[in-house]
Structure formats: C-alpha cells, structure tokens
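User: I would like to know what stands behind the labels used for this protein. Please take me through them.

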Amino acid sequence: MLQKLRKLINKPSQAGNDWAVVFFDKNDFRLDAMKKRLADHGIQSHIVKSEAVYVQANDLQAAKTIVAEWVNH
C-alpha cells in the first residue's frame with residue numbers, strides 16, 4: 001500500500017486534468033464517506049475505487065483541512 005501511495009504522490013495529477021489526491025485509502029466505505037464530507041463543503045471530488053479521492057487542485061488546501069479534521073476527529 002505504501003508503494004502505491006508513493007507512486008500516486010510522485011506522479012503528476014491525473015494526466016490532462018487538474019486533479020490531485022487528497023485522501024488515500026483501500027477501504028471503499030471510507031473513500032465514499034470522505035467524498036460525501038467534501039461534497040458537504042462544496043468540494044467536487046471523484047474516487048478511484050480502492051485507491052484515492054481526487055479533488056480539483058484549486059480546492060486542495062480546503063480539502064486537506066477537511067480531511068485532517070475528519071481523520072483526527
């Protein structure tokens with residue numbers, strides 16, 4: 001899993017798009033929960049199943065804050 005995370009972080013956002021990884025997890029339930037939480041804050045995101053939640057690069061800082069609050073809660 002760490003090797004997969006390193007590959008995600010070290011590659012550019014999805015090719016041809018302005019998306020960035022904000023939440024990495026292999027648990028689809030947690031990915032879905034994070035996508036809903038981001039949507040509740042008006043941040044559009046999409047999930048690559050069993051991998052990560054991606055957000056638009058311009059929402060990255062806000063999304064990081066939301067993720068950090070959720071993970072540390």
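Analyst: What follows sets values against definitions. This is a predicted model, in which local features need pLDDT of at least 70, side-chain atom pairs count only at pLDDT 80 or more, and totals for chains, interfaces and linings use all residues. Residues are numbered from 1 along each chain as its sequence is written, and side-chain values use heavy atoms, with hydrogens and water left out.

User: Why is V67 called buried?

Analyst: Buried means under 20% relative accessible area, exposed over 50%, and partly exposed in between (1.4 Å probe, protein chains only). V67 has a relative accessible area of 8%, so V67 counts as buried. In the protein, 32% of the 73 residues are buried.

User: Which residues does V67 touch, not counting those up to four places away in sequence?

Analyst: V67 touches V22, F23 and M34, where contact means heavy atoms within 4.5 Å. F23 lies 44 residues from V67 in sequence, while their C-alpha atoms are 7.0 Å apart.

User: What makes K36 and D40 a salt bridge?

Analyst: The term requires a side-chain nitrogen of Lys or Arg within 4 Å of a carboxyl oxygen of Asp or Glu. The N to O distance between K36 and D40 is 3.4 Å, so the pair qualifies. The structure holds 1 salt bridge.

User: Where do K36 and D40 sit?

Analyst: Both are in helix α2 (residues 28-40); they are 4 residues apart, so about one helical turn separates them. A helix here is a DSSP run of H or I with at least four residues, a strand a run of E with at least two, numbered from the N terminus. K36 and D40 are both exposed.
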